[in-house]
Amino acid sequence: MKTNAGVKVMASPDNFDRAAALKEFDEAKTGVRGIFESGATTLPPIFRHPVLRPRSSSPSSVSVPTIDLSLPRPDAVALASAAARDWGFFQVVNHNLPLFDRTISAVRAFHEQPPSVRSAFYSRSPEGGVSYSSNVDLYRSSAASWRDTIQLVMGPTPPDPARIPPVCREELLAWDEHVVKVGRELMGLLSEGLGADAGLLEGMSCLEGRVMVCHYYPPCPEPESTVGLAEHTDPGVLTVLVQDSVGGLQIKWKQDDGEFVWVDVHPVPGALVINVGDLLQIMSNDTYKSVEHRVLASSHQQARVSIATFFNPGKRGESVFYGPLPALVSPDKPAKYRNFTMTEFMGTFFKGQLASRSLVEHFKL
Ligand SMILES: O=C(O)CCC(=O)C(=O)O
Ligand SMILES: [Fe+2]
């Protein structure tokens with residue numbers, strides 16, 4: 001038996017005590033990065049995924065659309081809404097490279113601090129909306145993923161800045177401001193694409209509920225046997241993501257012959273990756289699509305960094321209901337989903353495993 005940062009690698013998985021190994025890994029408080037730092041040459045069993053789809057194989061001719069937001073408005077509306085309908089994913093070119101690089105470097109710097117510094121922030125119950133941990137669903141998923149994350153609830157109530165790790169504090173606050181501007185622009189385009197006013201989604205408070213996750217995917221000794229992030233859809237309205245140049249994000253794409261393949265979302269310098277979440281699929285009554293995606297475990301020497309902001313409605317409460325937008329429902333196009341409160345929606349999400357597609361199915365009529 002060999003020990004990697006407190007995680008036992010058993011010769012025989014038959015007598016492997018998974019619960020104890022998870023606890024030991026979690027209590028080390030240094031994440032997957034800690035295992036990497038220990039020089040591990042094999043994958044600890046808690047990270048081993050029994051069945052993995054092939055790592056790649058997308059036809060090289062297929063790629064997620066990239067949209068230039070400086071195009072004339074009607075063109076931008078047409079392209080963004082077509083991409084949200086046909087792909088559920090697209091990239092937008094925003095030309096704010098210095099801010100992108102600065103933010104990614106700050107997140108990298110947090111995760112690469114000495115173990116004793118970053119472990120002080122490690123927690124599974126976010127204090128004041130900020131936490132650092134590995135695998136938000138560590139104790140619920142059947143196999144862990146090769147990834148650590150800082151999570152920040154940015155809205156409707158922003159965190160006390162003092163709770164954000166100093167090494168990335170200023171950068172993440174500036175990034176949130178930038179992302180809100182991008183989110184407003186995109187929600188405007190997608191609202192217009194539904195035939196509504198540009199202010200529809202923003203008026204429904206969809207810019208207000210924001211969770212930012214700053215992922216770090218260390219190089220992996222056996223990338224074929226695990227994932228960086230298991231396949232899932234995002235529950236919220238819209239996700240805005242910035243990634244570094246390493247790559248590994250893939251979306252599940254249905255070919256003309258009905259077969260699914262994984263398509264790489266190639267890093268494009270200065271581009272943001274945008275995707276439709278389950279709630280926008282429901283609100284748009286299936287006009288826009290929430291698509292499954294995953295991240296491969298990094299086979300490169302370099303760790304991968306990405307930062308995703310999930311936009312959700314900030315208006316909650318037991319008398320505020322979400323469901324297909326009334327303007328999109330008619331006798332010809334009946335509602336495909338029932339209405340629900342955000343409490344019910346998020347409760348359903350947290351009950352399931354992150355890797356399931358059950359949220360949209362759960363509310364289907
Ligand atoms: O790291 C990425 O590229 C994807 C992250 C993601 O899908 C998520 O956090 O939901
Ligand atoms: Fe996601």
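I counted two residues as in contact if their C-beta atoms, placed from the backbone, lie within 7 Å. The model is a predicted one, in which local features need pLDDT of at least 70 and side-chain atom pairs count only at pLDDT 80 or more, while totals for chains, interfaces and linings use all residues. Residues are numbered from 1 along each chain as its sequence is written, with chains lettered from A and ligands numbered from 1 in the order in which they are written.

**Helix packing.** I looked up helix 3 (residues 73-86) and helix 6 (residues 169-193), whose axes come within 8 Å and cross at roughly 80 degrees; helices here are DSSP runs of H or I with at least four residues, and strands are runs of E with at least two, numbered from the N terminus. The axes are lines fitted to C-alpha atoms over the stretch in contact, with angles from 0 to 180 degrees between N-to-C directions. The two helices are therefore roughly perpendicular, a term that covers 65 to 115 degrees. In the contact, A76, V77, A80, S81 and A84 of helix 3 meet L186, L189, L190, E192 and G193 of helix 6.

**Ligand 1.** I then listed the residues with a C-beta atom, placed from the backbone, within 6 Å of the ligand, and found V213, H215, L229, D234, L241, Q243, L249, H293, V295, S306 and A308. Strand 7 (209-217), strand 9 (238-243), strand 13 (293-296) and strand 14 (304-312) each supply at least two residues of this shell.

**Strand pairing.** Strand 10 (residues 249-254) pairs with strand 13 in the antiparallel sense over 3 bridges, where pairing requires at least two DSSP bridges. I noted that I251 stands opposite H293 of strand 13.

How values were computed:
Parallel < 35°, antiparallel > 145°, perpendicular 65-115°, else oblique.
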